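Good morning, and thank you for making the time. I shall take the structure on the screen part by part and end with its core.

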Amino acid sequence: MKFTYYPGCSLHGTSAPYDRSLRRVMTRLGVELEELEDWNCCGATMYMSVRETVALAVTARNLALAEAKGQPLVAPCSACYTTLLKTNRYLREVPHLRAQVDQALQEADLRYELSVRVRHPLDIIVNHIGVDTVARLATRRLDGLRIAPYYGCQIVRPEPSFDDPDWPTSMDDLFGALGAQSVYFPDRVRCCGGMLLTTYPEVGSELTGNILECAKRNGADVVVTTCPLCLMNLETLQKPAKGNGNGSGSIPILFFTQLLGLALGESAKDMDLHRSLLPLGERLTALAGA
Amino acid sequence: MTSNSENGELARPGELSAHESELRAAFLAEVEKIPGGDRIRRCIQCGTCSGSCPVSYAMDIQPRQLVAYFRAGDLESILRSRTIWICASCYACTVRCPSGIKVTDLIYGLKRMAMEGRIRSRSTPTSTLSSEFVRLVNRYGRSPEIELSVRYLLRRAPHRLVSQIPLGWRLIRKGRMPLRTHRVKGLAGLRRIIAKAEEMETSFPRKRLQPAAAIGYGAVSERLAVEEGVVT
């Protein structure tokens, strides 16, 4: 099974552990990821706030490059995922935008025929490979681990996606099959504020804080997420532990692939757990060391 | 009540200032480009959008009110509002709207109108960050996350820059701060794509507004406040 891989800017930067753990997990699951040659930024939410046609053309360059590969495109970052899906829909449904983007792409001798299927790795793992297969391949049980599965916004909204926009369960199913227990976590798709932590910190910290509070109140050992920006916000809002403190009061945040990798027999080091900004806490440390 | 809205006084219901009419025309053209954008006409003012919005508590005009203000002929107040910059693109409103209105996409259109049309005399945190982001993506082809944050803070909140140093240090120690920015190889081609698309981009009315030119809800509530003695 082969897919074209679109890492996106964060996975080559502050979310390098997501990139590394995803690649290793996919190899374990028999999926080959071939990184898209010379991809550019998807434009995220911010390009769209300034320019529309240009934003679509910038995203479409990636889709045109991916089309030549003839395989589905995998985008792990929520913003990239939704931007790529949204561009596909806009180009399909608005003829004059498509005509404009076509003209723009021609400037670089590119053409996009709208055939690229964009998928999220969680979708591939849960719906293509299947939870049962993953559980069979697992070598380390996650028994006793209490997780808060945080999906965030853009992998389930606004595009019709592989899971429910209000109460997705893919990660619950996946980690449940591996022995972990999902705590009651109603904030699973509540917005973390995204860039608000930078632009309007008083609003952003309220939103991110609520999610952390919800996870802690319900007794989670770890928050597991799919989005680089969510992870960054959830990590940086928490104060680093003083001295060699055991992080009482803080809760570790991991990419879902980091935890999945552990279950599949990867070492804590290869899953970049040491690159987390927060202490891992007792249960996770015990599990990673086992 | 006079109908001389150009002098900053109230127009009669249904009467629009020249600039408001211009803004409306641009907004409706923008709405047409959004797939399903014309569903805005079907708004039933139920408030599901406002109730679903995680940041509505920090907005001056609620998402539901965006449509109400527009219908009342007061697009100008919307473009001056804090609301459009606070929206974090979580799309909760969009997936829940019973009339299928693409609220988040409409707000993107409003952001572009406000920025391009210089509706506000000052930039907002969101407009600064977004335009800085676009500049950097156009320069490198990719988004340099750290450079973006630093440039943003230098422009908007230099005092916060110092408090970010410990975080920067933590990221460096964890090997999560790339020190070199990657440029895409096909940068020249990407820039040609951008330049061509830029030629075709929608342009918005650019007139600088008179402060008291608003009619509709904003002006009515101001007037009521005066009449009721809340303000003088």
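Two residues are in contact here if their C-beta atoms, placed from the backbone, lie within 7 Å. Please also keep in mind that this is a predicted model.

With that cut-off, the interface between the chains can be stated directly: 53 residues of chain A are in contact with 55 residues of chain B. On the chain B side, helices H6 (92-96), H7 (103-116), H8 (125-140), H9 (145-156), H11 (165-173) and H12 (187-200) each supply at least two residues. The most comes from H12(B), which gives nine residues to the side of chain B that touches chain A. By residue type, this side of chain B divides into 28 nonpolar, 14 polar and 13 charged residues.

Let me stay with chain B for a moment. Its secondary structure comes to 13 helices and zero strands. Of the 232 residues in chain B, 41% are buried. Among the contacts in chain B with a separation of 6 or more, 65% are accounted for by residues 24 or more positions apart.

I turn now to chain A. Its domain assignment gives domain 1, covering 2-119, and domain 2, covering 131-289. The centres of these two domains of chain A, taken over C-alpha atoms, are separated by 25 Å. The contact between them takes 21 residues from domain 1 of chain A and 24 residues from domain 2 of chain A. On the domain 1 side, helix H1 (16-28) and helix H4 (78-93) of chain A each supply at least two residues. H1(A) provides the largest share of that side, eight residues. The residues on this side of domain 1 of chain A divide into ten nonpolar, six polar and five charged.

Next, the strands. Chain A has an open sheet of four strands in the order E6-E5-E7-E8, with parallel pairing. Its edge strands are E6 (181-182) and E8 (253-255) of chain A, each of which pairs on one side only. Strand E5 (residues 146-150) of chain A runs parallel to E6(A), and two bridges join them. Within that pair, Ile147(A) stands opposite Ser182(A) of E6(A).

Is Leu142(A), then, buried or exposed? This residue lies in the loop between helix H6 (121-137) and E5 of chain A. Leu142(A) counts as buried because it has 22 C-beta neighbours inside 10 Å, and the cut-off for burial is 20 or more. Leaving aside neighbours within four places in sequence, Leu142(A) is in contact with Phe175(A), Leu178(A), Gly179(A), Ala180(A), Ala263(A) and Leu287(A). By contrast, the C-alpha atoms of Leu142(A) and Asn62(A), 80 residues apart along the chain, are separated by 37 Å.

Finally, the core. In soluble globular proteins, nonpolar side chains tend to be buried together. In this model, the largest nonpolar core has 159 residues. Those with the most contacts inside it are Tyr47(A), Ala57(A), Leu105(A) and Val223(A). Helix H3 (residues 53-67) of chain A gives the most to this core, with ten residues.

Which residues does Val223(A) touch, not counting those up to four places away in sequence? They are Ala148(A), Tyr150(A), Ala215(A), Leu234(A), Ile251(A) and Ile253(A).

Conventions: Residues numbered from 1 in each chain as written. Chains lettered and ligands numbered in written order. Predicted model: local features only at pLDDT ≥ 70, side-chain atom pairs only at ≥ 80, totals over all residues. Domains from an automatic or database assignment. Nonpolar A, V, L, I, M, F, W, Y, C, P; charged D, E, K, R; others polar. Pairing = 2+ DSSP bridges. Buried ≥ 20, exposed ≤ 12 C-beta atoms within 10 Å, placed from the backbone. Core = buried A, V, L, I, M, F, W, Y, C linked by C-beta atoms within 7 Å.
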